[in-house]
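Open the model in your viewer and keep the selection panel at hand.

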Amino acid sequence: MKDKHDKSIRSVSATLERSHSSQGSVIAPRRPSFRVKLTGHIARRKSLPIGITWDTELPGFGLRKRKSGHLTWIVKHCPRGVQRMVTLGCAGMAAGALSAPAARAAARSLLIKATLADLPIAPERRRVPLFADYAEEFWQDYSPHWKPATQRSSRSRIDQLLVPRFGDLPVDMIERGDINRWRDSMAERGGTFNRAIPIMSVMMQYAEKLGYRAKNTNPCRGVSRFKRDLPERYLSASEYRRLGRVLAEHDGVNPFVVPALLMLIYTGARVSEIATLRWRYVQPPRLQLPDSKTGPKTIYLNRQAIAVLDGLERRADELLVFPAIRREAPINLGQYWDRIRRKAALPDVRLHDLRHSFASVAIAQHIPLATIGKLLGHALPETTARYAHLADEVIAESADRICSSLASAIGIAA
């Protein structure tokens, strides 16, 4: 093996000398280089030619010999297309010289780093917190964009339902199966689950934006809610009369109770919209609410509602129209309603049913659903569509009356 290396080196040296002599002395000779597997034995050979000897196994790894006889291990690489030559250390017999294996290892390491430097680097992923810790981060960022009532209800559901269920899981480990098992466990509390799942879904969407979850991995997407028969209670004409008599006879401590209830009956407004009404919002023939469940809202006043407001003493613009009895706070109609509805023999009628009944009367008067939606302040047509079946009943009743009249006209008993 030794003789083979020596013969290779001598052959290359002779070739280089012939090349130099044939070219003359006018053109400077190019620094010679040739290839051979670089070992410690090669580095110690006195017959090694001046120039660079490249390794045959590791591209870019070489041994340079200068005219002075000084030997150095080198490595050539091209970061971003720019050729660079790096000296790794001394070679040969000098004190502190780098051995061939060590030089080869250093060259390989440098070449690997140079290659990786040209590759795109994936962004560093943020540390994924447990759901319990993430819930606080979410709350600080997201809850200020909710209305106070939404904040209170959402905070309660996060603390009482979501954190106890998912608190020990990393946010990115919550999967569809976890949500489905949670849904199954809430079979007896379907309404509670239906109100909590939208909050969980928003939290998972925000986790994607923070980089805690991969995009489009919301485990709540497509999870079905429990079907519930929403109570629909509409007052009949006789029930309205009974309620009217009780309100006319009501003699409570708070004189604002009856006017507030009449406003609910005449306008179909939400309880919170009447309870928090301030005098600056009263701009007859309408109420201009700066905020409501569905945002800014206009409530149109009929003459009965205007008469109710005219019967009250107008106070300062910032004061409530219907305050509590002992302090400037919104009236709590719920604490009075139970007694009133029982006295009217309407124990199953909720305050919100007065809003439903307003819609049913409007439909009975053949007012279009789109108009009713505007009167009630519905943000989506689908919300008003729940009253569509009442319109069908009115149409069917009208058809019966028409057919009866036609039958009588042609002498057929109907």
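Select H4, residues 131–142, and H5, residues 148–166. H4 passes H5 in a right-handed crossing. This is a predicted model. The two axes come within 10 Å and cross at roughly 165 degrees. Angles over 145 degrees count as roughly antiparallel, so that is how H4 runs relative to H5.

Now show side chains. On H4, pick Phe131, Ala132, Ala135, Glu136, Phe138 and Trp139. On H5, pick Gln151, Ser154, Arg155, Ile158, Leu162, Val163 and Phe166. Together they make the contact. By class, it has nine nonpolar, two polar and two charged residues.

Next, go to H13, residues 353–364, and H14, residues 369–376. Their axes lie 10 Å apart, at an angle of about 150 degrees. H13 is therefore roughly antiparallel to H14. The crossing of H13 past H14 is right-handed. Select Arg355, Phe358, Ala359, Ala362 and Ile363 in H13. They meet Leu369, Ile372, Leu375 and Leu376 in H14. This contact of H13 with H14 has eight nonpolar residues, no polar ones and one charged.

Last stop: Leu312. Find it in the loop between H11 (303–310) and H12 (334–343). Is Leu312 buried or exposed? Its relative accessibility is 16%, so Leu312 counts as buried; the cut-off is under 20%. Leaving out residues up to four places away in sequence, Leu312 touches Phe256, Pro259, Trp279, Val321 and Phe322. Draw a C-alpha to C-alpha distance from Leu312 to Pro259: 8.5 Å in space, with the two residues 53 apart in sequence.

How values were computed. Residues are numbered from 1 along each chain as its sequence is written. This is a predicted model: local features need pLDDT of at least 70, side-chain atom pairs count only at pLDDT 80 or more; totals for chains, interfaces and linings use all residues. Side-chain values use heavy atoms; hydrogens and water are left out. Axes are lines fitted to C-alpha atoms, for helices over the stretch in contact, and angles run from 0 to 180 degrees between N-to-C directions. Helices (H or I, at least four residues) and strands (E, at least two) are DSSP runs, numbered from the N terminus. Angles under 35 degrees count as roughly parallel, over 145 as roughly antiparallel, 65 to 115 as roughly perpendicular and the rest as oblique. A crossing is left-handed if the near helix is turned anticlockwise from the far one by less than a right angle, and right-handed if clockwise. Contact means heavy atoms within 4.5 Å. Ala, Val, Leu, Ile, Met, Phe, Trp, Tyr, Cys and Pro count as nonpolar, Asp, Glu, Lys and Arg as charged, and the others, Gly among them, as polar. Buried means under 20% relative accessible area, exposed over 50%, partly exposed in between (1.4 Å probe, protein chains only).
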